[in-house]
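Here is a short report for a first look at this structure. It takes a sheet, a helix pair, a chain contact and a single residue in turn.

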Amino acid sequence: MELMEKLVQPAKTLSNPYVEAWKKKGGKVIGYSGTYTPEEIIYAAGILPYRIGGRGATKVTIADMYVGPVICSYVKCLLENAADGRFDFLDGAIITYECDHMRRIFDTWRRAAKDGNAHLPAFFEYYGLPHSRGEHASKLLMDETQRLIKELEKHFGVEVTEEGLRNAIKVYNKTRKLLRKLYELREKDKVPITGTEALGIVITSTVMPKDDYNKQLERLLGELDKREGITGKPRLMIVGSVNDDVELVRLVEDLGAVVVADSLCFGARCFWNLVEEEGDPLHAIVNRYWEHIPCPRMFGEYSRRYSFVRDIAKSGKVDGVILENIRFCDLHGADNTLYGRDLEAEGIPTLRLERQYGPLADIGRLKTRFQAFLERIRR
Amino acid sequence: MNEKLIQARTDKEVEDMMEELLVTPGLMETLLLEPYLSEVVWPFQEMRSSYLQNLSNAHKEGKKIAFESFCFPPAILYAMDVVPLSPEVISSFLSLGVPKGIFRFIDYTTGIGVPESMCTAQRGGVGVILSGLIEKPDMVLNGAAGSCDTNSKMFDFVSEYLHIPFCNIDAPPYWDEDGEMTKYYRKEYRKMVSFLEEQTGNKLDEDKLRQCCEEAKKQDEYVAEIYDLRRAVPNPVPAVFNLIMFGTRFMSSGTPQATEVMKTMYEVVKERYKRGEGVLPRERARAAFVYLSHFTMGGEFWIWLEHNGISLIMEALAILGHQHYTIDTSTTDTMLNSLAGQAHNMVMTKQIRGPLDYPGQWFEDIATLAKDLNIDCAIYLGTLGCKNTWGGIKVLMKTIEEELGIPTLIIHSDAWDDRVTPWPTIRDQIEEFVNTVVVQ
């Protein structure tokens, strides 16, 4: 399926034909680090938001010069990509305080650039987030977002208007609704799409212009309706640390399972919630990012996260849940223990897995763990 | 007795020894071996006993226990009749008390699914609590939000694991002295006070709050006086006073016992200063430990430094964050703002919440102190759990070398777990660094 390939291929590389075409037309690109960065403001500035990731890195030699030994391998790979010039196409980057590993990229990337070991985009900003909710937290986040907009306008000589934001909300909500439809298809008894393809499609949504993406995804959804679905395989869900490596999901599926659901930040958690289209658009955007399915960085909100995981597991009729965390990712690691306790209590089998981030590091061990889990499910 | 604990195989055996263990015999032996420390030992011991006594009596007396972080001064809890239980304090008692004393409790948490990469500062104490060897807390106050994910996650985990209420006291993403960030934190602090009122059913009592604030104010004054005396060459402040200073603050800030400890330390140091007597007759190095020290082997860390001519001028836990606020006891409001200010400027909460080179952050604070105290080397010791500092320490140390012109050393170790790097290995690395790099 050619259309499928077009929407999956960009997930396997860092730069891609869409970004290249955008740059060729003189467009600017801003990299951002995760699901708490309000992409709409970048889009409204006429700039392409691009989610940076770790894929493609095959070593962490430079990253190891700047971070300690207990840092997440995804973040190390991301820094290595910067050092290897794979992000040189970026005109800017926003590092959002999502976790302690990621936030220090703001320090290490700058230092690596100072040492001549990486290219630093001319626009390089830190976006600080609180951890609490309530009026004062919303105000702090709003102030921080307005500061970011001002910096962006000043640097790129652009204006982020109310109309631009409203338009961005419409476009982004459309992407989110289309992705929700894609995920609804995955709930069917005959699943028309593999988990590997679905992850690729979601990753691509973060690295190409949304208008074009929406058109292509809409067409693909039409085609998927005609696909003969997958049946007779154990249905799995993946929950846990960041993963932009489609090969991890392929590994599970090659063993005879089909992944039908997830709670991942390159997955359901990045598109699940919509932005309110009425009222002040900036407030609506900030609220959406603040109120979306919380990452484990938000403390005291386990029950919200668990409700989401349980509901998705149930609507996906999953036979088991893989709870994975990248080594040293304590936020997901600790949550996974609680998920394991609570899902098992509801009769849903779980596999607890600690791993290193790609490219399929530790493949033999992972395969054995997945096989054993599938045997448990099939019994 | 130490050997018995190491050999203990059953929970019953461990339980029988817990009471004795929490007396921290290893540390006490270390302190009593040094005659000049003995004056401080007894008030410190009395304060520690009160802390533990309060814990074991809390539920019998109808009081609530709050599971709270070391980087959050507990004065407000004493003012509200809530008993503080800091996992870091318990971990340190165990680890300083007897060799290997903490291991089985760290491992206990691994056994229930806590990632082994989480911080041992909490894991030891949490292991003790979850094994039921001390009273279980009634609520969780997370004072590490914004400065440490791992620490915060443990608090989040304990709340969910024990099904007890949780309150976040969030340090905002940047630091300022009296601006929007400070205002934000004051609101978080008041949110916590309301939470405590709700959990205990008691209203905040202004007189009690004032008593605690007045004690906290005196303690701050002694700490500030001791800080001033650190400038002297040779330094008259015994290394282990750093441990006692931050231990006292973490356990008992706002209590008269804590004031007594601080006062005694100040008097000892002042007298030494008057006599022109440094802890060392000649300082081979004036060292800054930019994050942690090492909490095993009966506190040998502090004593060993001095026996090797290394003057401990700056230990981050003891002297970072003792500025930028004053305690004003005029009204309830000013007192809450003062205590919020104290917590907002607490070590770790203040310095590592934002980018390293931003105002009031790690580099700026180290640079200020290094210049003021004439420091000639900087050493990092941490834990495997500390992702936030490990994420930035190499950049920080390079910057210190370049901008302050002092040599640095990063040691891969765990302050509470000698299985990562044994203390003798750490000791050798420090010694080699001082001999070959610092002492020219």
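Strand β3 (residues 139–142) of chain B and β4(B) run parallel and are joined by 3 bridges. Helices (H or I, at least four residues) and strands (E, at least two) are DSSP runs, numbered from the N terminus. Across this pair, B:N142 stands opposite B:N168 in β4(B).

This is a predicted model, in which local features need pLDDT of at least 70 and side-chain atom pairs count only at pLDDT 80 or more, while totals for chains, interfaces and linings use all residues. Residues are numbered from 1 along each chain as its sequence is written, and chains are lettered from A and ligands numbered from 1 in the order in which they are written.

**The sheet of chain B**

The open sheet has 4 strands in the order β2-β1-β3-β4 (chain B), with parallel pairing. Two strands pair if DSSP finds at least two bridges between them. β2 (83–85) and β4 of chain B are at the edges with a single partner strand each, so one side of each has no neighbour in the sheet. On average, neighbouring strands of this sheet are turned by 25° against each other, direction ignored. α9(B) packs on the sheet and touches β1 (65–68), β3 and β4 of chain B. The direction of α9(B) makes about 165° with that of β3(B).

**A helix pair in chain B**

Helix α12 (residues 239–252) and helix α14 (residues 300–307) of chain B pack at about 155°, with axes 7 Å apart. Axes are lines fitted to C-alpha atoms, for helices over the stretch in contact, and angles run from 0 to 180 degrees between N-to-C directions. α12(B) and α14(B) are therefore roughly antiparallel (over 145 degrees). B:A239, B:V240 and B:L243 in α12(B) meet B:W302, B:I303, B:L305 and B:E306 in α14(B).

**Where the chains meet**

In all, 41 residues of chain B are in contact (C-beta atoms, placed from the backbone, within 7 Å) with 37 residues of chain A. α9 (149–162), β4 (166–168), α10 (180–200) and α18 (387–404) of chain B each supply at least two residues of the side that touches chain A. The table gives the classes on that side.

| Class | Members | Residues of chain B |
|---|---|---|
| Nonpolar | Ala, Val, Leu, Ile, Met, Phe, Trp, Tyr, Cys, Pro | 17 residues |
| Polar | the others, Gly among them | 13 residues |

**One residue of chain A**

A:E187 is in the loop between α9 (162–186) and α10 (195–205) of chain A. Leaving aside neighbours within four places in sequence, A:E187 is in contact with A:V260, A:S315 and A:G316.

Note on methods: Two residues are in contact if their C-beta atoms, placed from the backbone, lie within 7 Å. Angles under 35 degrees count as roughly parallel, over 145 as roughly antiparallel, 65 to 115 as roughly perpendicular and the rest as oblique.
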